Amino acid sequence: MPIYQPSILVSNILDPLTHNEQDLCQLYQRLGELKRYASIETRIMKEASVRAVCDEGFKTEQLTFWITGELSRAGLNLSSVNESNRLSAVEKVKEMMQLAALGRCTWLGIASGGIETTLKEGIDAFVKSVSELLDEINMKAYPFKLIIEPLDQFAHKCNVLGTTETVLSFMHRLPASAIEDKQVCLCWDSAHMALNEDDFEASFAALAPYIVRVHFANAILDKQSPLYGDHHLNFCEEGFLTLKSARAIKKLMDRYLTGEISVAVEIREKERDHAWQLEAESYAFLMQVLQ
């Protein structure tokens with residue numbers, strides 16, 4: 001039976017409060033005082049003042065820095081078949097590693113990047129990139145590990161790592177020592193797996209040895225809908241994720257996963273005045289699922 005750790009995706013749930021230094025300091029201070037979460041997932045912390053607040057407020061919580069946005073905004077792809085772009089992406093991640101090492105980072109989170117030519121070429125490139133990043137972590141003796149989130153492969157994000165079959169094939173190509181030491185693990189996201197049209201039970205059964213995190217994320221699966229895809233939706237009648245479906249996923253997690261599993265709700269808030277209300281609502285949902 002896994003041990004579940006409540007987690008919050010700061011840059012989704014509280015997104016309107018993450019765009020300037022003062023707001024970030026206040027946000028992390030409040031989260032530290034709430035003491036609701038064993039895991040904090042957020043963007044890389046570039047400001048010393050923000051890192052200081054987190055050092056003071058988070059003594060035992062795991063910190064994850066997702067840097068997917070840093071790469072996409074720079075037009076960089078860790079799965080690029082253009083070797084110059086791929087190497088630039090690797091160097092960008094190494095820069096982020098240096099920043100992550102200034103805080104108490106537990107996990108550095110990445111996605112594979114989009115498919116440019118063929119899936120095979122993209123996987124080959126991503127294997128090379130992840131191997132180079134693992135070498136950097138080992139050489140610099142960084143205290144954090146890599147966590148990869150497979151995205152949807154054909155619906156919206158069109159990432160190299162998506163379907164269960166593709167992810168499993170990729171993991172089997174990484175150095176055995178990295179897998180055994182859990183230097184690289186997976187975040188399983190319900191929206192992306194649903195958009196990939198994967199069977200959830202088969203996915204957990206196959207990927208369980210590598211999963212350390214689960215995101216409960218909603219999506220509209222009707223291909224005719226303008227909101228078909230990964231839009232970080234709130235709960236809605238058109239979406240597949242309900243309390244009932246989340247509890248069904250939890251039963252699969254109970255059956256297949258082991259060890260500590262961080263679990264978060266993924267909804268992107270757009271209104272500043274509603275951010276903390278969404279935090280309360282998503283936390284209540286998470287507790288209803290986990291307890």
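Good morning. Ser 7, Ile 8, Leu 9, Ile 13, Tyr 37, Val 265, Ser 282, Tyr 283 and Leu 286 line the largest cavity; a lining residue has an atom within 4 Å of a cavity point, and a cavity is a set of points on a 1 Å grid over the protein atoms alone where a 1.4 Å probe fits but cannot get out. Strand 1 and helix 12 (275-290) are the elements that give two or more residues to this lining. Helices (H or I, at least four residues) and strands (E, at least two) are DSSP runs, numbered from the N terminus.

This is a predicted model, in which local features need pLDDT of at least 70 and side-chain atom pairs count only at pLDDT 80 or more, while totals for chains, interfaces and linings use all residues. Residues are numbered from 1 along each chain as its sequence is written, and side-chain values use heavy atoms, with hydrogens and water left out.

Let me turn to the barrel. Its 8 strands close in the order 1-2-3-4-5-6-7-8, with parallel pairing; two strands pair if DSSP finds at least two bridges between them. Strand 1 (residues 3-9) is joined to strand 2 (residues 39-42) by 3 bridges. Ile 8, one of the residues lining the cavity, has Ile 40 as its bridge partner in strand 2.

Finally, helix 6. Why does its length agree with expectation? At 1.5 Å a residue, its 22 residues should span 32 Å, and its end C-alpha atoms are 31 Å apart; the expected span is 1.5 Å times one less than the number of residues. Just after helix 6, Ala 141 takes a positive phi of about 55°.

Technical notes:
1 Å grid on protein atoms, 1.4 Å probe; cavity = no way out; pocket = protein on both sides within 12 Å on 5 of 7 lines; lining within 4 Å.
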